[in-house]
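Colleague: I would like to learn how to read the packing of helices. Could we go through an example together?

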Amino acid sequence: MTCTEAERLVMPYINGSITDEELERFLEHIDGCEDCREELEIYFTVDVGIRQLDEGTGTYNIKGALETALELSRQRIHTLHLLRTARYAVNTLCFWSVLVVLILQLRMWS
């Protein structure tokens with residue numbers, strides 16, 4: 001992912017309207033690009049700060065809130081990877097089960 005693409009995804013990330021595929025690529029880029037990480041911090045600080053002022057609530061630990069949001073996003077990606085792996089394993093198991101049943105059925109017919 002380029003810096004331009006990452007910068008385009010900053011606000012969708014903050015608003016929670018980013019796809020899972022984009023999220024994974026975005027997090028990888030943010031972890032490796034200090035400039036884009038700083039851009040995210042600026043937008044996140046402004047957005048969350050304004051929301052907290054409007055609502056009159058909040059922890060006012062915006063940097064901590066960003067770290068929490070990033071960690072939750074990383075956990076989401078990790079969970080999605082586990083689910084993909086489990087789905088692959090189940091599909092493989094189903095394939096082999098059907099194949100074994102077919103082979104056994106053919107042996108019975110012979």
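**Reading helix packing**

Modeller: In this predicted model, the axes of α3 and α5 come within 10 Å and cross at roughly 125°.

Colleague: What do those two values describe in general?

Modeller: Two packed helices are described by the angle between their axes and the distance between the axes. Here the angle makes α3 oblique to α5, and the crossing of the two is left-handed.

Colleague: Which residues make the contact of α3 with α5?

Modeller: From α3 there are Asp20, Leu23, Glu24, Leu27 and Asp31. From α5 there are Leu70, Ser73, Arg74, Arg76, Ile77, Leu80, His81 and Arg84. Sorted by class, the contact has five nonpolar, two polar and six charged residues.

Colleague: What is the general reason for such gaps in the numbering?

Modeller: An α-helix has 3.6 residues a turn, so residues three or four places apart point the same way.

Colleague: How do α4 and α5 pack?

Modeller: Their axes are 9 Å apart, at an angle of about 115°. That angle makes α4 roughly perpendicular to α5, and α4 passes α5 in a right-handed crossing. On the α4 side the contact is made by Arg37, Leu40, Glu41, Phe44, Thr45, Val48, Gly49 and Gln52. On the α5 side it is made by Ile62, Lys63, Ala65, Leu66, Glu67, Ala69, Leu70 and Arg74. The classes in this contact are eight nonpolar, three polar and five charged.

Colleague: How many residues does α4 have, and what span does it reach?

Modeller: Helix α4 covers residues 34–55, which is 22 residues. From first C-alpha to last it reaches 31 Å, close to the 32 Å expected at 1.5 Å a residue.

Colleague: Which residues of α4 are buried, and what covers them?

Modeller: The buried ones are Cys36, Arg37, Leu40, Phe44, Asp47, Val48, Gly49 and Gln52. Their cover includes α1 (3–8), α2 (10–15), α3 (20–32) and α5 (62–109).

Colleague: Now a single residue. Where is threonine 79 found, and why does it count as neither buried nor exposed?

Modeller: Threonine 79 is in helix α5. Its relative accessible area is 41%. Buried means under 20% and exposed means over 50%, so threonine 79 is partly exposed.

Colleague: How far is the C-alpha atom of threonine 79 from that of asparagine 91?

Modeller: The two C-alpha atoms are separated by 18 Å, and the residues are twelve apart along the chain.

How values were computed:
Residues are numbered from 1 along each chain as its sequence is written. This is a predicted model: local features need pLDDT of at least 70, side-chain atom pairs count only at pLDDT 80 or more; totals for chains, interfaces and linings use all residues. Side-chain values use heavy atoms; hydrogens and water are left out. Helices (H or I, at least four residues) and strands (E, at least two) are DSSP runs, numbered from the N terminus. The expected span of a helix is 1.5 Å times one less than its number of residues. Buried means under 20% relative accessible area, exposed over 50%, partly exposed in between (1.4 Å probe, protein chains only). Contact means heavy atoms within 4.5 Å. Axes are lines fitted to C-alpha atoms, for helices over the stretch in contact, and angles run from 0 to 180 degrees between N-to-C directions. Angles under 35 degrees count as roughly parallel, over 145 as roughly antiparallel, 65 to 115 as roughly perpendicular and the rest as oblique. A crossing is left-handed if the near helix is turned anticlockwise from the far one by less than a right angle, and right-handed if clockwise. Ala, Val, Leu, Ile, Met, Phe, Trp, Tyr, Cys and Pro count as nonpolar, Asp, Glu, Lys and Arg as charged, and the others, Gly among them, as polar.
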